Amino acid sequence: MRIPAHSVCTAIRDDIVAGVYERGGRLTEELLARRYGVSRVPVREALRTLEAEGFVVTRRHAGACVAEPTEQEAADLLEMRMLLEPLGAARAAQRRTEAHLKVLRGLVRLGQERSRRGHSEDLRSLGGWFHETLAQASGSPALTSTLAQLRHKIAWMYSVEAPANPAESWAEHGGIVDAVARGDSERARAITALHAERATAAHRLRFPGGGDRPERVRTSQHPVNMTGPRH
C-alpha cells in the first residue's frame, strides 16, 4: 500500500485506532516503511508526532511501541471532551460563518431523516462530521486540533453503543445549531454540555483492567429541553 509521505502519520494513527497494531506492540520503522510504501524518514517523523499525541511510546531496548493507556487516562479524555466541546459551541455562536451554518443545518437534516428511516449505519459518521464542523466553526485552530485528537483517542479506547433514540440525539444537534445561529453562546454551551454528558454514558472501555468485558462509563443524565432558548 503506497501512500503520500505526508499522510504516513494519519495512516499509522488510523491503523492504531482500528486495532491493526496491538496495544504494547512494537512499531519498527522498516516494517512500517514497507507497509505504507515510503522511506523510513517520514515513518520516523510520524512516530515522533504520534508519541507526542499519546498513541506511541518509546521503550528502552524495544523502540517505538503502541501505547497502553490506563483506565484513568481514558476517563480523563472523556472529561476533557465534556469540557471542551461546550466551549467550542459557545465560540461557534460568536464566530461561525454562514458556510458553517449551511453545513451544520444540512447535517442535522440528514441525521434527522436517517433517524426516521432507521438508517443507523449512517448516523455515527454524520455525528462525527457534525462535531468536527462545530469545532471548526469555533474559529480556533488550537481547539479544533485538540478536539480532533481527543476524538481519535476516544475512538481507540472506547466502543460506543448506538443511542436507543437517535432522533432525540439529532434533536439536540438541531438545538445546538439553532443556538449557534442566534449567536446565543450560553445556550449553545448548555445544550452541548448536556449532549456530551449523555453521549459519554454510551461509551464502553475496550480494555477495562486488561480484560475483555466493556465497562460502562458512569455519568448522571439530565433531560434536555429543546423547546426554546432559556438565555
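Tutor: pLDDT is the predictor's confidence in each residue, from 0 to 100. This is a predicted model, in which local features need pLDDT of at least 70 and side-chain atom pairs count only at 80 or more, while totals for chains, interfaces and linings use all residues. Residues are numbered from 1 along each chain as its sequence is written, and side-chain values use heavy atoms, without hydrogens or water.

Student: Where in the protein is confidence lowest, and where highest?

Tutor: Confidence is lowest in α6, at a mean of 91, and highest in helix α4 (residues 71–95), at 97, helices being DSSP runs of H or I with at least four residues. The mean pLDDT of the protein is 88, with 88% of its residues at 70 or more, but over residues 210–231 the pLDDT is below 50, although this stretch has 52 contacts in the model beyond near neighbours in sequence. Where pLDDT is low, predicted coordinates should not be read in detail.

Student: What makes Arg13 count as buried?

Tutor: Buried means under 20% relative accessible area, and Arg13, at 9% relative accessibility, therefore counts as buried. Arg13 lies in helix α1 (residues 8–17) and, leaving aside residues up to four places away in sequence, touches Leu50, Glu53, Phe55 and His152, where contact means heavy atoms within 4.5 Å.

Student: Why is α6 called roughly antiparallel to α7?

Tutor: Helix α6 (residues 120–136) and helix α7 (residues 141–157) pack at about 160 degrees, their axes 9 Å apart. Angles over 145 degrees count as roughly antiparallel, so α6 is roughly antiparallel to α7. In their contact, His131, Glu132, Ala135 and Gln136 of α6 meet Thr144, Leu147 and Arg151 of α7.

Definitions and conventions: Axes are lines fitted to C-alpha atoms, for helices over the stretch in contact, and angles run from 0 to 180 degrees between N-to-C directions. Helices (H or I, at least four residues) and strands (E, at least two) are DSSP runs, numbered from the N terminus. Angles under 35 degrees count as roughly parallel, over 145 as roughly antiparallel, 65 to 115 as roughly perpendicular and the rest as oblique. Buried means under 20% relative accessible area, exposed over 50%, partly exposed in between (1.4 Å probe, protein chains only).
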